[in-house]
Amino acid sequence: MEVDISKTYDELSRKAANVIADVLNAKPNAVLGMATGSSPLGLYQELVRMHREEGLNFSQVTTFNLDEYVGLPVTHKQSYHYFMHENFFKHVNIPRENIHIPSGTTRNYRAFCEWYESRIKSCGGIDVQILGIGSDGHIAFNEPTSSLTSRTRLKTLARPTIEDNARFFDRVEDVPIYAITMGVGTILEAQTLVLVANGKNKADAVAKMIEGPVTSMITASALQMHSDARVFIDEPAAGRLQMREYYEWVQAKKPGAPAT
Ligand code: GLP
């Protein structure tokens, strides 16, 4: 795992966006895995800026989102469909038919999940998957004790997740109890993983993800099993890392390292 600690949220967002831009420049028809939540907002803003000012081209890109709440129509302001449209898709040139987001309103969740998995495969798999992390260490909506080989499926959200996400709804009772989410196994199949996290309230989850044991109690710890996982965090989110000095040393020495 590569751990990159930035002074500010803007800086970590820029660095994470650069990874995506490098993938797109090398492979214009890349398949991107998208995430929602407040953490990747800066990354999306930077990609939008690159699109507008530097001509970063998304015209051949295909996307797959990680997850969606069950029961919210796509027009609901807290649905992940709405979030992605407002914060990213409407600002760049990804063909509408190339955008995939799990359905929170399908009549047949099992069939939809199977289709989603097969669609990822038929598009060639995900080249780079963007991720955030929940304060309980989850990725997407893979709550603690989710199988580390899980695939796209319906999940019941944990209470801490519902309480965390209540800030976006009028009342905690309005937060959906169920979600459809890519599994940990699905996520681990992406070629590259880019996880962004900022703020003190993520410090505990971040430390457990990077330095704790691999456990389904912290589904983000599965990133330790991936051969190209890159984690971009700010200083408050790095607050509980024991090996911080080493990560900073590695970053400082990177320019002099032999090319691989
Ligand atoms: C939700 C999403 C996750 C996200 C997490 C953290 O649970 N399903 O994908 O990583 O929230 O969100 P935030 O970035 O707003 O802290």
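Start with the ligand and select what is around it: 13 residues surround it, and the closest are Ser-38, Ser-39, Asp-67, His-138 and Lys-202. Keep in mind as you click that this is a predicted model.

A polar side-chain atom of Ser-38 sits 2.7 Å from a ligand oxygen. The side chain of Arg-167 has an N or O atom 3.1 Å from an oxygen atom of the ligand, and a polar backbone atom of Ala-140 is 3.1 Å from a ligand nitrogen. On its own the ligand would expose 390 Å², and the protein buries 95% of that.

Next, click on Asp-67, in strand β4.

Time for salt bridges; the structure holds 18. Pick Lys-254 and Glu-2, whose closest N and O atoms are 2.6 Å apart. Lys-254 comes in the segment after α8 and Glu-2 is in strand β1, so this pair ties together parts 252 residues apart in sequence.

Then move to Arg-151, which forms salt bridges with Glu-117 at 2.8 Å and with Glu-189 at 2.9 Å. Glu-117 is buried, at 10% relative accessible area, while Glu-189 is partly exposed at 47%.

Last stop: select Lys-7, Glu-235, Arg-244 and Glu-248 together to see a network of salt bridges.

Methods: Residues numbered from 1 in each chain as written. Predicted model: local features only at pLDDT ≥ 70, side-chain atom pairs only at ≥ 80, totals over all residues. Heavy atoms only, no water. Helix = DSSP H or I, 4+ residues; strand = E, 2+ residues; numbered from the N terminus. Near = heavy atom within 4 Å. Polar contact = N/O pair within 3.5 Å; in protein donor to acceptor, adjacent residues only side chain to side chain. Areas by Shrake-Rupley, 256 points an atom, 1.4 Å probe, with all protein chains shown as cover. Salt bridge = Lys/Arg side-chain N within 4 Å of Asp/Glu carboxyl O. Buried < 20%, exposed > 50% of the residue type's maximum accessible area, 1.4 Å probe, protein only.
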